Protein chains: 2
Amino acid sequence: MSKRNYRDLIKGNVPVIPEEGIFRLLSTEERASILKSVTVMNFSRHDIIFRQLMPADHVAYVTSGMVKIYRSGRSSRVVCITLAGPGQFVALPCAIDQGEYRFSASAVESTEALMIRSDAIISLIAENGRFAGELFKRVSRDIIEISDKLVSLSVKQLPGRVADLIRYFSEDVYNSDDFTVPLTRQELAELIGTTKESLIRTLNEFRNDKLIEMEGRRIKILAPDLIDILCELG
Amino acid sequence: MSKRNYRDLIKGNVPVIPEEGIFRLLSTEERASILKSVTVMNFSRHDIIFRQLMPADHVAYVTSGMVKIYRSGRSSRVVCITLAGPGQFVALPCAIDQGEYRFSASAVESTEALMIRSDAIISLIAENGRFAGELFKRVSRDIIEISDKLVSLSVKQLPGRVADLIRYFSEDVYNSDDFTVPLTRQELAELIGTTKESLIRTLNEFRNDKLIEMEGRRIKILAPDLIDILCELG
DNA sequence: CTGACAGATTGATCTATATCACCACAAAAT
DNA sequence: ATTTTGTGGTGATATAGATCAATCTGTCAG
């Protein structure tokens, strides 16, 4: 799973701006010009991409793999704010605000990312309205998603939150009712503000009640309708 | 406090785009053009500004008063996502995403707001890079603020969250250590994901421990340093 | 003057879930 | 080969804070 191959160790390959997704909104010149501000980086599991409190001088654009964005207070528990997969930006808000990273980010599996200098993104926003609009739309969706999480966390109790988690992986990440997460129980727990013990117990209840099938990190949803109901009524 | 005067009842006055704040980034023509898409509205306490699930066809820009943005599930508790005061936009992300309102918003005190048609904001973003940049910065700060709240909610227990709340009013809203909130205990509780009873008990502990002075809705911070410590260690 | 109603407060329970203290297993390191 | 480390898992216990049930206040309408 975490075996490194030679390619994984190369950091700073020749960058290529993807043709698809948001970058299709760039002109040939903009593409060429931003290239100077981009570095390709490869990370393996546990590699830190950036650390909270550091100046937010780069935005990461994930091309493959998965990244977790989290906050770790000095003494207290780790909170995972969100995950980011291929096609998603990491730390955009921190860079736009021209401040420091307010979170840390690390790779949860082998991950490739374009590290784009913040100033390059900021000037693109000022110059290319369509690009700005699309980026804006993404950040707006992020706000809505985080707000949903806030609500989930404050009103739902564990079964509801675990159901949310399962649905999140199924619908937003893997687009399948049968998936294998690259995260430990501990990390799954951090994602929904609980402890690994409580998460394990709740997952087991789900299994006993035939809502899911589970071996190790593989989860298969058996009763999506019941999961949905749990998500609803918390 | 909540006495209405004649002006409060007028809805749809002649709109004027403020000279200060973010609108200074608009050209004279842009100002004139957006004017056609703006309506001034006056709301009194409890007036709904918009309701979740409705099409997000307007953004509100608060010119005076205070608005709460909240989510209310069918059966469950109300969660207050955030408050917005003068100079702040409400529902920007929902409008940018061109979807529906994902929250409801209502006035907690007499409030005046410019209701700006979403399409007008969206075309301004595409056309005016500086304006887009500034708006972007605001939304980015909102994301960071909400993430902080998410962390607060998942790791801190009540005393820490109440301390957060007090500091929020003192530093972010009123810029004073002596302020009067326009919210009921219930609403304060919804802001930090707890119940009115628990909030009251915690506030009383704070009073007994001489952290604050309190009569009714007026709060005076006596020991800001201790409040800060509570915010830190949750 | 008197209900009636919304908000604030207090006390007595109850419970979801954190915490603590383990064990089991596999992979990696020595 | 054996120790160590990381991860998954279980049971017992403790507790923060929700919930329930009153009471008390001030305010407004009739």
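This is a predicted model: local features need pLDDT of at least 70, side-chain atom pairs count only at pLDDT 80 or more; totals for chains, interfaces and linings use all residues.
Which helices of chain A and chain B each supply at least two residues of the surface near DNA strand D?

View 1. Three helices each supply at least two residues here: H8 (196-208) of chain A, H6 (158-173) of chain B and H8 (196-208) of chain B. The largest share comes from H8(A), which provides five residues. Altogether, 17 residues surround DNA strand D, and the closest are A:Arg185, A:Asn204, B:Gln157, B:Leu158 and B:Ser198. Of the atoms of DNA strand D that come within 4 Å of the protein, 58% belong to sugar and phosphate. Sorted by class, this surface comprises seven charged, seven polar and three nonpolar residues.

**View 2. Polar contacts to DNA strand D.** For A:Arg185, a backbone N or O atom lies 2.8 Å from a phosphate oxygen of DNA strand D. For A:Arg217, a side-chain N or O atom is 3.3 Å from a phosphate oxygen of DNA strand D. From chain B, B:Arg201 places a polar side-chain atom 3.0 Å from a base oxygen of DNA strand D.

**View 3. The surface near DNA strand C.** DNA strand C is surrounded by 18 residues, the closest being A:Gln157, A:Leu158, A:Thr194, A:Ser198 and B:Asn204. Sugar and phosphate make up 57% of the atoms of DNA strand C that come within 4 Å of the protein. Helix H6 (158-173) of chain A, H8 of chain A and H8 of chain B each contribute at least two residues to this surface. H8(B) gives the most, with five residues. The class composition of the surface near DNA strand C is eight charged, seven polar and three nonpolar residues.

**View 4. Polar contacts to DNA strand C.** In chain A, a polar side-chain atom of A:Ser198 lies 2.6 Å from a phosphate oxygen of DNA strand C. In chain B, an N or O atom in the side chain of B:Asn204 is 2.5 Å from a phosphate oxygen of DNA strand C.

**View 5. The contact between chain A and chain B.** Chain A and chain B each bring 37 residues to the contact. The area buried between the two chains is about 3,700 Å², with 73% given by carbon and sulfur atoms. On the chain A side, A:Phe136, A:Ile143 and A:Leu150 lose the most area to chain B, together accounting for 19% of what that side buries.

**View 6. Strand S3 of chain B and its partners.** Strand S3 (residues 58-64) runs antiparallel to strand S8 (residues 111-117) of chain B, and six bridges join them. Within this pair, B:Ser64 stands opposite B:Glu112. S3(B) also runs antiparallel to strand S6 (residues 89-90) of chain B, to which two bridges join it. Here B:Ala60 stands opposite B:Val90.

**View 7. The surroundings of B:Thr194.** B:Thr194 is located in the loop between helix H7 (185-191) and H8 of chain B. Its relative accessible area is 9%, so B:Thr194 is classed as buried, the cut-off being under 20%. Leaving aside residues up to four places away in sequence, B:Thr194 touches B:Arg77, B:Leu158, B:Arg161, B:Ala189 and B:Leu199.

Key:
Residues are numbered from 1 along each chain as its sequence is written. Chains are lettered from A and ligands numbered from 1 in the order in which they are written. Side-chain values use heavy atoms; hydrogens and water are left out. A residue is near a molecule or strand if one of its heavy atoms lies within 4 Å of it. A polar contact is a pair of N or O atoms within 3.5 Å; within protein, one must be able to donate a hydrogen and the other to accept it, and residues adjacent in sequence count only if both atoms are side-chain atoms. Helices (H or I, at least four residues) and strands (E, at least two) are DSSP runs, numbered from the N terminus. Ala, Val, Leu, Ile, Met, Phe, Trp, Tyr, Cys and Pro count as nonpolar, Asp, Glu, Lys and Arg as charged, and the others, Gly among them, as polar. Two strands pair if DSSP finds at least two bridges between them. Buried means under 20% relative accessible area, exposed over 50%, partly exposed in between (1.4 Å probe, protein chains only). Contact means heavy atoms within 4.5 Å. Buried area is the accessible area (1.4 Å probe) that two parts lose on being put together, summed over both.
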